[in-house]
Each structure stands twice: as structure tokens, then as C-alpha cells.
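Please consult the sequence and the structure as you read.

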Amino acid sequence: MKRLLALAATLLIVGCQTTPPESAGNALDSSEQDVPASAPITYGAFTQDSLYALLVAELAGQRNRFDIALDNYVRQARITQDAGVAERSFRIAEYMGAAQPALDSVLIWARNAPDSLEAQRAAAIQLARAGHYEESLEFMEKVLRGQGDTHFDFLALSAVESDPDTRAGLLQSFDRLLGKYPQNPQLVFGKAVLLQQDERPAEALALLEKQPTAQQQVPSILLRARLLQLLERGDEALPLLESGLRRNPDDKRLRLTYARALVEHNQLEKAIGEFATLIQQYPDDNDLRFSMALVCLEAQAWQEAIVYLEELIGRGSHLDAAYFNLGRAYQELGETQLALQAYEQVGPSNEYLPAKLFQSQILLAANDPRAVSRMLSSARMEQPDYAIQLYLIEIEALADLRQGDASWQLIQQALEEYPEDLSLLYTRAMLADRRGQTQQLEADLRFILEREPDNAMALNALGYTLAERTDRHAEALALIEQAHRLNPDDPAILDSLGWVHFKLGNPAKAEGYLRQAYARFPDHEVAAHFGEVLWSQGKHQEARKVWAEALNEQPDSPILKETLQRLTGKGAL
């Protein structure tokens with residue numbers, strides 16, 4: 001029993017850890033914590049049962065049975081109400097991610113160590129995590145009164161998902177505390193966060209702008225910059241961030257935000273300089289190196305981008321994205337073989353299909369459709385999960401080469417493998433339209449609409465085809481109007497709606513829809529329709545202007561040439 005008491009005494013030194021444990025060993029070995037030589041050691045007085053339970057907990061921790069350790073410590077914290085036991089219980093629970101035991105333990109610790117600012121702060125944070133915001137504020141105020149560093153920022157940020165009533169109550173509590181501590185920067189920041197969450201960005205910004213410059217901490221500067229962007233005053237964010245950087249030159253978040261803001265404002269050379277500084281400060285941060293490569297690509301600094309991308313590949317970081325963007329850089333430099341080699345290295349990822357698309361474009365530009373087919377066929381075998389998308393890439397490539405029979409044969413092959421895939425069926429419908437097979441188009445689109453009645457794209461495509469190829473104009477109008485209700489701002493649907501009204505003999509109504517479509521998307525097909533409707537109403541000068549604008553962008557447009565030939569007797573203006 002004497003040995004038990006001696007060992008227990010060494011385990012139960014009462015004291016506060018100032019940082020959370022970094023490992024299970026730290027969480028369960030308080031004997032390694034630094035204790036000032038002059039600090040008196042106080043031992044707890046426990047019953048034999050409590051000592052035994054705590055010793056079992058320590059031994060369980062030594063054997064990685066943290067569940068037993070935590071269970072014993074939580075129980076003894078409740079029984080003994082000892083601050084040291086409760087703190088230890090909290091540290092273990094926090095390490096294990098056990099939210100309720102952590103909350104229960106930290107409240108015992110805070111109540112039994114009222115002079116410990118660390119205990120009060122930890123209690124406030126755990127209460128905020130649990131959604132008990134008012135109670136959390138009470139503990140935060142205790143920390144304030146003790147002149148300790150608070151975490152009002154965490155408290156406000158933790159309320160992001162709270163309901164409006166909870167946020168309103170928190171705002172009142174923040175106002176009450178600001179009345180007592182008006183210069184506390186974390187209180188000001190916390191209230192600004194709550195105002196932003198309450199969709200009151202102008203008030204949040206005004207509150208932060210009242211702070212004296214000397215009191216503006218980095219989180220407040222970053223929030224101000226974000227609020228300026230939200231309020232469409234982003235040009236004011238740059239000088240704010242510059243000023244903040246002069247005062248905090250080593251702050252990573254601040255410099256990174258400034259660099260990104262420079263990119264948004266198209267100040268790419270300055271952005272590259274800031275990213276270079278960040279990479280010098282944090283040479284092992286591959287995310288920064290990747291961001292630098294992307295900015296170089298945006299600035300068309302292809303060689304510089306290649307350097308950073310090859311460094312990433314050498315480091316084995318961001319591999320698929322690095323190879324993909326390396327291919328882009330080489331493609332821009334005209335190094336097509338190097339580009340193809342880079343694209344070929346891209347594995348299953350977000351970049352895989354774009355890489356195959358760019359490979360196809362390079363091979364098509366070399367007038368080698370067989371190489372495209374070989375490459376994509378091989379890719380379908382290697383990556384069957386991408387087979388449908390790879391079929392679509394090849395079909396589109398063949399269609400662009402005006403190899404109509406080959407694209408038709410391939411879509412039939414794809415549908416034999418995937419007979420009910422809606423994207424393949426829609427593609428076959430569009431190919432059928434090019435071949436004048438209206439019945440096939442209608443059958444495929446009807447199949448899609450049976451499964452997706454609110455598919456606006458299919459509704460619009462079917463409606464437009466019926467308006468253009470048949471005399472079923474009333475049926476076409478109903479389909480297009482349904483699509484319009486689903487996507488009222490889609491320029492393609494507005495174009496169809498205007499065109500079907502023109503077919504129905506309503507040129508004035510048609511003009512209104514086509515004018516909207518052309519304003520949103522001045523495409524050559526929309527221009528052809530819009531100009532024809534204007535021409536039919538005698539507005540020849542405006543019609544010619546619309547056609548001229550479209551021809552300037554797409555001089556080889558077959559629909560524009562056909563429309564001009566039919567209406568003016570000439571294929572050009």
C-alpha cells in the first residue's frame with residue numbers, strides 16, 4: 001500500500017498544462033511536465049478506491065488503453081472534484097476527441113480552479129463547441145477580468161451554424177461586454193463575425209473600421225478585406241492588406257490573402273513577387289509552390305511555371321494537377337510532344353478528362369484522328385470508370401472533323417455498352433439532328449424526358465427541333481415554355497422561345513425574347529434569328545448591324561450566310 005501511495009502521489013501533482021497534449025504519451029504522463037523549481041508541490045488527498053482507480057487509469061494509458069484511462073479519470077473527477085484530476089481527465093478526453101467527457105471534465109476543473117485562467121478559457125471553448133454560447137461568455141469574461149488572453153474569435157466562429165435567435169442573444173452579450181471592455185480587439189472581432197453571419201456586412205465593416213490601427217490584429221484585417229470584397233469594394237482591400245503586411249511582415253495568412261487579392265485584381269507580376277516571398281519563408285509548403293505555378297500560368301510566364309511544376313513532380317506533390325498544367329505550359333510553347341507526354345502522366349483525378357481532351361486536340365490539330373481513337377480506346381480500357389466521358393470526347397472530336405459516319409458508328413457502339421445513359425442518348429439526338437433524322441432525335445429526347453421530366457436542356461432541344469423541322473409549333477411552344485420556367489435566364493432557351501413565337505406569327509413577342517438572348521449571348525445562331533425577326537418587321541438597318549457584329553466574330557458561320565442569302569440575295573453584307 002505504501003508503494004501505491006507513493007506512485008499515486010507522483011502521478012497526481014496538481015498543476016495546469018498550458019498547451020493541449022501532442023501525443024497520447026504526453027496526455028498520460030504529467031510527470032514530464034515542466035514544474036518551476038520554486039513552485040510548491042501540492043498532493044491530493046484521496047480514498048484508497050480513488051487512488052486505485054487512478055493508478056489503473058495510468059497503467060491503462062501506458063498500454064494504450066485510453067478508453068479505460070478516460071473512463072476512470074472522468075469518474076474520479078466527478079467523485080473527487082479535484083482540479084488536477086479533472087484537468088488530466090480533460091486532457092485525455094480532448095486528445096481522444098471525446099466531446100462530452102471533455103466538457104464534463106473541464107467544467108469540474110474550472111469550478112475547482114477559479115483562479116486558473118487556462119481552466120476558464122478551456123471551459124469557455126468547450127462550451128462554445130457544445131453550443132452553450134451564453135455560458136461560454138461567462139467564462140470568457142472571467143478570463144477578461146483576470147487580464148488573460150481570450151478566445152472571443154473562436155466563440156463567434158463556432159456560432160456559424162447557430163440559429164438567428166442564438167446569434168441575436170450572442171450579439172446582445174457581446175454588446176454588454178463591449179460596454180465594459182470597449183478596447184478589447186477580440187470582442188470587436190467577435191461581434192463583427194457575428195454581424196457578418198447575420199448578413200449585416202456593412203455594420204460589421206463599420207465596427208472594424210472604428211478600431212485604432214494599432215489595435216487591429218491580423219484576423220480583423222483579414223475579415224475587413226473579406227467584407228470589402230462582399231460589398232464590392234475590393235479595390236480598398238489592397239491598401240488595407242499592404243498596411244497590415246508592413247506591420248506583420250511574417251504573417252503567412254496575411255501575405256497569402258494579399259497575393260490572392262493581387263491575382264483577383266490582375267496584378268500578376270506583384271502577385272508572383274508575393275508568392276516568391278512566401279516560398280522563401282516556407283520552402284517546404286508545396287501548396288504555395290502550386291499556387292505560384294498557377295499564377296505564372298495566368299501571367300503566361302510559361303517557362304517559370306514549368307520550373308515550379310517540375311519541382312512539384314520531383315517532390316511527388318500535386319502530381320496529377322502538376323502534370324496537367326505542365327502539359328498546358330508546353331502546349332502554349334508549341335512543344336506538342338512534351339505536352340502529350342505530360343498529359344499522358346495524368347491519372348484518375350479531376351484533371352484526367354481535361355488531359356484527354358487536350359491530348360485529342362493536339363492530335364486532331366496534327367490531322368491524326370486514328371491516333372485520337374487509339375489513345376481514347378486505350379484510355380477506356382485502362383480507366384473504365386471514365387468510359388462514357390471518353391466516348392463523348394472522341395465522338396465530339398470526330399464530329400468536329402466532319403466525320404459524321406464515324407461519329408455515328410461510335411455513338412451506336414457506346415450505346416450498346418451503356419444503352420440507357422442519358423448523356424449518350426442526348427449526344428445521339430444531336431448527331432441525329434445533323435443527319436436530318438428527326439424521328440431518332442425525338443425518340444431519344446422523349447426517353448430522357450420520361451426519366452427526367454424537368455430536364456430543361458432536353459425540353460429546349462426537342463421544342464426547338466419541332467419548331468424548326470415540323471409544323472407542330474404549338475407543341476414546340478409548350479415544351480420551350482416549360483424549359484423557360486425551369487431556366488428563365490438561359491440564352492439558348494430565350495432564343496428558342498423567340499424563334500417559336502416567330503414561327504407562330506408573333507414577331508414583336510419574338511423580338512423581345514431574342515433581344516434578351518442576344519444581349520446575354522451574342523452567338524452567331526442567335527444573331528441569325530434576331531436579325532431575321534428584325535428584318536421581317538422592316539428594321540433592316542438594325543438587322544444588318546446585328547449580322548455584321550456576328551460575322552466579325554464568326555465569318556464562316558453557315559447559318560448567317562444562309563440567312564443573308566435568303567433574305568438579301570447575298571451571302572455577305
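The model is predicted.

A search of the whole structure finds nine aromatic pairs. Two of them are set out in the table.

| Pair | Arrangement | Centre to centre | Angle between planes |
|---|---|---|---|
| Phe90 and Trp109 | tilted | 5.9 Å | 35 degrees |
| Phe324 and Phe358 | stacked | 5.7 Å | 25 degrees |

Phe90 belongs to helix H5 (residues 83-96) and Trp109 to helix H6 (residues 99-112), so their pair ties together parts that are 19 residues apart in sequence. Phe90 has a relative accessibility of 1% and therefore counts as buried. Trp109, at 0% relative accessibility, also counts as buried.

The pair of Phe324 and Phe358 is stacked, because planes under 30 degrees apart count as stacked. Phe324 lies in helix H19 (residues 319-332) and Phe358 in helix H21 (residues 352-365), and the pair links distant parts of the chain, 34 residues apart. Phe324 counts as buried at 10% relative accessibility, whereas Phe358 is partly exposed, with a relative accessible area of 25%. Through ring pairs, Phe324 and Phe358 join Tyr343 in a cluster.

The charged end of Lys252 sits over the ring of Tyr282, 4.7 Å from the ring centre. The charged end of Arg451 sits over the ring of Phe447, at 3.6 Å from the centre of that ring.

Conventions:
Residues are numbered from 1 along each chain as its sequence is written. This is a predicted model: local features need pLDDT of at least 70, side-chain atom pairs count only at pLDDT 80 or more; totals for chains, interfaces and linings use all residues. Side-chain values use heavy atoms; hydrogens and water are left out. Rings of Phe, Tyr and Trp (its six-membered ring) pair if their centres lie within 6.5 Å; planes under 30 degrees apart count as stacked, over 60 as edge-to-face and the rest as tilted. Helices (H or I, at least four residues) and strands (E, at least two) are DSSP runs, numbered from the N terminus. Buried means under 20% relative accessible area, exposed over 50%, partly exposed in between (1.4 Å probe, protein chains only). A charge sits over a ring if NZ of Lys or CZ of Arg is within 6 Å of the ring centre and within 35 degrees of the ring normal.
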